[in-house]
Amino acid sequence: MNAPIAEHQVVGTPLRHDSAHLHVAGAAPYADDIDETHGTLHAAFGLAERAHANIVSMDLTRVRAAAGVVAVLTAADIPGHNNFGAVAHDDPILAEREVQYFGQPLFMVVAQSHELARRAARLARIEYQNLPAIIEIDDALLQQSFVLPTVTLERGDWRGAMASAPHRLRGTLRLGGQEQFYLEGQIAYALPREDGDMLVYSSTQHPSEVQHMVAEALGVSVNRVAIECRRMGGAFGGKETQPALFAAAAAVMARHTGRPVKLRADRDDDFLITGKRHDFLVEYEAGFDEEGRIASLDVMLASRCGYSVDLSGPVNDRAVMHIDNCYFLENLRVVSHRCRTHTQSATAFRGFGGPQGMLAIENVMDDIARHLGQDPLEVRRVNFYVPGSRDTTPYEMKVEDFIADDLVGQLADEAHYHERREQIRIWNRHSGNLKRGIALTPVKFGISFTATHLNQAGALVHVYTDGSVLLNHGGTEMGQGLYIKVAQVVAEELGIGVERIRVSAAHTGK
């Protein structure tokens, strides 16, 4: 193959986003902007008002009689599997007999408009038998309530090293959850096609998983379902597994009515239904020397996973595997509890467990520095990986090209860290209420999936007779400019200008 022409070596060139002209003109269509087919109906969920309860009775008479209502569906109306959980199959689309969290969908309403569907969904008369609810991590630990078995990672003689360490320190840290708060909420638009096929426009990071879950809910083979996503108005992990609920529900309602159905979650419903970042309880004991070098570390990580598995396995695994961050931990025990609570199922969020693990070890570093009266940056640096000797992670991976120490040294000098720290110390000594602080914190983050089979991708390239190219790939666009980046790779490989490449929407049919 001939080398690409020099003027077409476009990888790394700063180009504008391929949809920039549409964004600034307000003309970039998101799922809710797609022209609605004649006869489109709108849907809403009826939500549980208990954290944990048995459903004694559910009277939907007033819901069915409400203005504009076309159909009301319960779990019994789902033709296939009542599940949208891809990992453990423990996420019901609609609760059947037991409510497992406040806000869990119980039934679906299809009406002539979004507002009419939401109003009708509030008219149900539901009788509950309240059950004990586990809400907090501490209660889950006390009752040994877990969605997955506890995982323990051990390295070296952590007990012996702890016993002989000159200094020992215990600490506790609580990390709260977070709402992804994507600007575009959860939405799906399902359109029945000929001979039982179904097309769903979904705001999702994972079209193929949504395809599988919709097919299961409809009780059809996967080749009967197509998912399309041109762009998302933000995701941050909240649209990895959670969109399958909305897509599956919309598809079931479209199948039942024979008409297109749009399910757009109002923001308050979205908050109640969907999962957040896992919040964590961290407890640790550290043994260390006069310089702050850690001889032994014993850490307990407990996360609130919610009522189902979702992605709690890999999220917590990543937290375990980021407990080292940039530091060599020769003697270590990490115990990771995945707590089951009667709350929304916690899900993916940027960093995917990594931030929780790194915050844990950084808190340890700060506590050690305070205990010894040392600069926290120096305690961090003395614990850094050392190429050639102290360079293996607790999970037996060799750390290559470790430059954090040199980089931190350079940053500290260029940012005048030590001078500014001294100025802040003097300021704080003389300031009664207003205090200042400064920190320089390193980060080492793994960029691949812990499930290695997920580290793959595919693309379809059509070259037409006029020299233009149509490109489709498995990635999704959520504002990061992925489409133009992939187009740059194709342009350079083919030796053509990027303007000759058209990238089509992510579509499971391709």
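This is a predicted model: local features need pLDDT of at least 70, side-chain atom pairs count only at pLDDT 80 or more; totals for chains, interfaces and linings use all residues.
View 1. Opposite Leu199 stands Ala226 of S11.

**View 2. Nonpolar cores.** The largest nonpolar core has 42 residues, and the members that touch the most others are Phe45, Ile93, Val214 and Met253. Helix H7 (residues 243-257) gives the most to this core, with 11 residues. Leaving out residues up to four places away in sequence, Val214 touches Val225, Ile227, Ala247, Ala248 and Ala251. Another core, of 40 residues, lies apart from the largest one; among its members are Leu173, Phe288, Met365 and Phe402. In soluble globular proteins, nonpolar side chains tend to be buried together.

**View 3. The five-stranded open sheet.** Five strands form an open sheet in the order S7-S15-S14-S13-S8, and the pairing is mixed. Strand S7 (146-155) and strand S8 (167-175) are the edge strands, each pairing on one side only. On average, and with direction ignored, neighbouring strands of this sheet are turned by 10° against each other. Nine bridges pair strand S14 (residues 294-306) with strand S15 (residues 332-340) in the parallel sense. One of the residues involved is Asp298, whose bridge partner in S15 is Arg333.

**View 4. Helices against the five-stranded sheet.** Helix H9 (residues 312-320) packs on the sheet, touching S7, S14, S15 and strand S13 (280-288). The direction of H9 makes about 155° with that of S15. Helix H10 (residues 354-372) lies across S8, S13 and S14, and runs at about 135° to S8.

**View 5. The ring pair Tyr101 and Tyr307.** The whole structure contains eight aromatic pairs. In one of them, the rings of Tyr101 and Tyr307 have centres 5.0 Å apart and planes at 25°, so the pair is stacked. Tyr101 is in the loop between strand S4 (98-99) and S5, and Tyr307 is in the loop between S14 and H9, so the pair ties together parts that are 206 residues apart in sequence. Tyr101 is buried, with a relative accessible area of 3%, and Tyr307 counts as buried at 5%.

View 6. Tyr327 and Phe384 form a stacked aromatic pair, with 5.8 Å from centre to centre and 10° between the planes. Tyr327 lies in the loop between H9 and S15, and Phe384 in the loop between helix H11 (376-382) and helix H12 (404-414), so the pair ties together parts that are 57 residues apart in sequence. Both residues of this pair, Tyr327 and Phe384, are buried. Ring pairs link Tyr327, Phe328, Phe384, Tyr385 and Phe402 into a cluster.

**View 7. Lysines over tyrosine rings.** Lys239 has its charged end over the ring of Tyr182, 4.8 Å from the ring centre. The charged end of Lys262 sits over the ring of Tyr189, at 5.5 Å from its centre.

Terms used: Residues are numbered from 1 along each chain as its sequence is written. Side-chain values use heavy atoms; hydrogens and water are left out. Two strands pair if DSSP finds at least two bridges between them. Helices (H or I, at least four residues) and strands (E, at least two) are DSSP runs, numbered from the N terminus. A nonpolar core is a set of buried Ala, Val, Leu, Ile, Met, Phe, Trp, Tyr and Cys residues joined through side-chain atoms within 4.5 Å. Buried means under 20% relative accessible area, exposed over 50%, partly exposed in between (1.4 Å probe, protein chains only). Contact means heavy atoms within 4.5 Å. Axes are lines fitted to C-alpha atoms, for helices over the stretch in contact, and angles run from 0 to 180 degrees between N-to-C directions. Rings of Phe, Tyr and Trp (its six-membered ring) pair if their centres lie within 6.5 Å; planes under 30 degrees apart count as stacked, over 60 as edge-to-face and the rest as tilted. A charge sits over a ring if NZ of Lys or CZ of Arg is within 6 Å of the ring centre and within 35 degrees of the ring normal.
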